[in-house]
Amino acid sequence: MATPSDHHATVIDGKAIAQTIRSEIALEVATLSEKYSKVPGLAVVIVGCRKDSQSYVNMKRKACAEVGIKSFDINLPEDVPEVELIAKVDELNANPEVHGILVQLPLPKHINEEKILSQISLEKDVDGFHPLNIGKLAMKGRDPLFLPCTPKGCLELLSRSGISIKGKKAVVVGRSNIVGLPVSLLLLKADATVTVVHSRTQDPESYIREADIVIAAAGQPMMIKGSWIKPGAAVIDVGTNAVNDPSRKSGYRLVGDVDFQEACKVAGWITPVPGGVGPLTVAMLLQNTLEGAKRVIGQ
Ligand SMILES: Nc1nc2c(c(=O)[nH]1)N[C@@H](CN(C=O)c1ccc(C(=O)N[C@@H](CCC(=O)O)C(=O)O)cc1)CN2
């Protein structure tokens, strides 16, 4: 007879889902090029030399090449004056070969992030971080031109795993501008009943225990224990936390915000780290760039 400990959640393979989406995008890109002689273009802007940011932009540039999107690589020094970065964004706004502009975050402290994100043309804001696009995401009956990539990827994972959102209790852990806040708005738009718990929430566990869908985006390694998860819940782990691991050559390994081993015994579905949400972030960026290019040619 099966005991509760025999249970194992369905592990959502984000890498495989992202690969499927990338193949779909590659086909559409090829059609655009053949029919309309239009190659989608993405400007990838990085300021400074943070190791993690460099690794993310490399992944994005490689993914562009794989699906046939032309990437425009802009590497600026850590101490670039804000006015120069603004001038670069203006130049990219005016470049007809560029359909999407991505400025890798975080930016150095001397640069006003909101000023830079507001400078990106709305039609090229493939990260969906322009205050107007975020504002439209927050409004009933209005839609932004682009959805932020990680939140969009979370919903894509749910949808491609056959998990419905309408009428469900969703708990988002974390309230960042990049993930927590926009994903809670997206879930609300998809008719979930949404609760956001954060660093000042008293007893976050009591909310998470009730959730049919948990989106963990707190940036706290393995903070969410298996005993906090409602049996059968869908758990989407956005955390990518590097923790020391002397047994590895690199000296570290990546873990999520959820204790994966424990949560697997209770959840219905769960995403791993790495190989869960991360690959979807990149796939959604490609999808947004393709959408931007299609809009320009009226498709
Ligand atoms: N302009 C932006 N800046 C940042 C964003 C963003 O969406 N736009 N998000 C994050 C970082 N990020 C993309 O930029 C990102 C993070 C993680 C992954 C990913 O695929 N991770 C892998 C693991 C990679 C590894 O082994 O190091 C995984 O989870 O499997 C992709 C993109 C902050 N900045």
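Charge first. The protein carries 34 positive and 33 negative side chains. The centres of those two sets lie 2 Å apart. Keep in mind that this is a predicted model.

Next, overall size. A compact globule of 299 residues would have a radius of gyration near 19 Å, and the protein has 20 Å, so the two agree. Along the principal axes, the C-alpha atoms fill a box of roughly 65 × 40 × 40 Å. The surface exposes about 14500 Å², with 53% supplied by carbon and sulfur atoms. As for burial, 48% of the 299 residues count as buried. Now contacts with a separation of 6 or more: 68% of them join residues 24 or more positions apart.

Secondary structure is ten helices and eleven strands.

Is K124 buried or exposed? The cut-off for buried is under 20% relative accessible area. K124 has 10% relative accessibility, so it counts as buried. What does K124 touch? Leaving out residues up to four places away in sequence, the partners are L92, N93, A94, N95, V98, H99, G100, I101 and F146. For reference, V282 is 158 residues from K124 in sequence, and the C-alpha atoms are 16 Å apart.

On to the backbone. Where are the cis peptide bonds I want to show? One joins L105 and P106, with omega about 5 degrees. P106 is in the loop between β4 (100–103) and α4. Another joins V273 and P274, with omega about 0 degrees. P274 is in the loop between β11 (269–270) and α10 (277–296).

Last, positive phi in residues other than glycine. D191 has phi near 70 degrees. Its loop runs between α7 (180–189) and β6 (193–197). D191 counts as partly exposed because its relative accessibility is 44%. M222 has phi near 50 degrees. This residue lies in the loop between β7 (213–216) and β8 (234–237). M222 is at 29% relative accessibility, so it counts as partly exposed.

Methods. Residues numbered from 1 in each chain as written. Predicted model: local features only at pLDDT ≥ 70, side-chain atom pairs only at ≥ 80, totals over all residues. Heavy atoms only, no water. Helix = DSSP H or I, 4+ residues; strand = E, 2+ residues; numbered from the N terminus. Rg over C-alpha atoms; globule rule 2.2 N^0.38 Å. Buried < 20%, exposed > 50% of the residue type's maximum accessible area, 1.4 Å probe, protein only. Contact = heavy atoms within 4.5 Å. Areas by Shrake-Rupley, 256 points an atom, 1.4 Å probe, with all protein chains shown as cover. Lys, Arg positive; Asp, Glu negative; His and termini not counted. Charge placed at Lys NZ, Arg CZ, Asp CG, Glu CD.
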